[in-house]
Structure formats: C-alpha cells, structure tokens
Amino acid sequence: MNTGLFTTRNIFIFCIVLWGFIVVRAMMNTKGTEDFVTTVSSSEVTAYAKAQLGALQERSFAEDQEICAVIFENSDGELGSTPLISGEMASCDIRFFDEPGMGPVASMHTHGAYNSQYDSEVPSMLDMQSDIASGVDGYVSTPGGRLWRIDAEERFTEQVCGENCLAQDPAYRPCESDEPKSRYSLDELQARMDDSSIRC
Ligand SMILES: [Zn+2]
C-alpha cells in the first residue's frame with residue numbers, strides 16, 4: 001500500500017527535512033568567540049586555571065588519566081568551567097563547548113601520572129597546535145607540578161610556575177639533563193621532541 005501520508009517517498013522527504021532542521025539548529029548554536037565580549041583579564045584566567053588544575057592533580061595521578069575542561073566567562077562576567085572529561089588523551093576541543101551565553105577563554109588539562117616514557121613536563125605539540133587552531137589559550141599541568149600557559153595568538157608556551165608549584169606525583173623523578181626551559185615556540189618544542197639524546 002503506497003497511498004496516503006506514509007509513503008516511502010514522504011517518509012524519505014520527512015527525514016531530509018528533519019536532518020536539515022537539525023543541521024541548521026546545530027549551526028545556530030555554535031558561535032565564534034568574537035560574538036562574546038570577554039571582560040576577565042589574562043591574570044584572572046591564569047589564577048582560575050591554577051586553582052582548578054591544582055585541585056585535579058591528585059585525581060589525575062591516581063587514575064593516570066588526563067582530565068580536561070574548558071574555562072569560560074558567563075554573561076555576568078564570572079569564570080566557570082565545563083564538566084570534566086577524562087581519558088587517555090582527553091581532548092576538550094573548544095568548539096564543542098561554545099554555547100550561547102558563554103565565552104570560552106581557555107582550555108585546561110592535566111597530564112596524568114609520571115611516566116618516564118613520556119615527555120609530559122611540557123605541553124605536547126598537539127596541545128599547542130590545537131590551542132592555536134582554536135584561537136584560545138590553554139593551560140597544562142604536569143606530574144612534576146608545573147603549570148604551562150599556551151598563548152594561542154603569539155604561538156608560544158611559557159611556564160606559569162615551575163616544578164612543585166602544583167601538587168606533584170610522588171612517583172615523579174626530575175630529569176636533570178632534560179630540564180624544561182621557561183618558554184618554547186612551536187619550533188623549539190618540536191626540536192625538543194626530536195632530540196632523543198636528552199631522555200632520562
Ligand atoms: Zn597535553
């Protein structure tokens with residue numbers, strides 16, 4: 001029976017219309033950061049990230065998972081953060097969190113427990129590249145208790161504070177021949193990753 005409202009063709013058209021509606025809704029829900037005027041200063045965001053990441057360090061070591069979230073400013077000019085996401089290589093792409101009524105100001109993530117196989121005392125190239133691509137700064141905490149800020153606009157990363165300024169993994173062992181510098185450009189970080197002579 002192919003008569004009436006529920007013909008295969010009508011159902012097919014209905015699905016197309018529904019799909020179009022969902023796509024348009026999704027497009028209207030995403031907005032650029034430029035639509036939102038942020039009023040918080042960079043030092044306020046840094047202080048917020050330091051407190052949040054500091055509080056996540058021990059859980060991140062215990063679970064040996066990266067934990068990430070996006071820091072945003074709400075329409076009252078207050079800082080908040082999205083629900084935490086944890087995983088092996090937790091990713092908090094800012095584009096998934098850009099909801100109406102909030103302006104993302106930074107991403108942040110921990111680096112899990114100490115592992116001598118990983119150069120986790122500095123941000124990864126992927127960390128830097130994804131923050132630069134999203135145009136929003138990033139904060140990274142390390143097993144050694146360092147805090148890094150990735151400046152998306154100026155394309156460099158710098159230590160906000162050094163070893164042990166946040167909670168440190170008891171298993172952490174500093175690598176004297178591999179002491180991180182206080183600042184890296186993309187090229188300098190890549191050179192560090194390529195240099196296999198300095199691993200502990
Ligand atoms: Zn990272």
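Tutor: Let's start with terms: two strands pair if DSSP finds at least two bridges between them. Helices (H or I, at least four residues) and strands (E, at least two) are DSSP runs, numbered from the N terminus. This is a predicted model, in which local features need pLDDT of at least 70 and side-chain atom pairs count only at pLDDT 80 or more, while totals for chains, interfaces and linings use all residues. Residues are numbered from 1 along each chain as its sequence is written.

Student: Thanks! Which pattern does the protein follow, read along the sequence?

Tutor: The protein has four helices and eight strands. Taken in sequence order, they give α-α-β-β-β-β-α-β-β-β-β-α.

Student: How many residues of E6 are buried?

Tutor: A residue is buried if 20 or more other C-beta atoms lie within 10 Å of its own, exposed if 12 or fewer, and partly exposed in between, with C-beta atoms placed from the backbone. E6 is mostly covered, and of its five residues the buried ones number four.

Student: Is Arg155 buried or partly exposed?

Tutor: Arg155 sits in the loop between E6 and E7, a hairpin with four residues between the strands. Its phi is positive, about 60 degrees, although Arg155 is not a glycine. Most residues other than glycine have a negative phi. Because Arg155 has 14 C-beta neighbours inside 10 Å, it counts as partly exposed.

Student: How does that compare with Asn164: is it buried or exposed?

Tutor: Asn164 also has a positive phi without being a glycine, near 75 degrees. It lies in the loop between E7 and strand E8 (183-185). Since Asn164 has 12 C-beta neighbours inside 10 Å, it counts as exposed.

Student: Why are the buried residues of H3 on the same side, and what arc do they cover?

Tutor: In helix H3 (residues 125-134), the buried residues are Asp127, Met128, Asp131 and Ser134. They are on the same side of H3 because the arc they cover around the axis is only 140 degrees. That arc is taken from the directions from the helix axis to the C-beta atoms.

Student: Which residues are exposed on the other side of H3?

Tutor: The buried residues of H3 have cover that includes E4, E5, E6, strand E7 (156-161) and helix H4 (186-194). On the opposite side, the exposed residues are Leu126 and Ala133.

Terms used. Contact = placed C-beta atoms within 7 Å.
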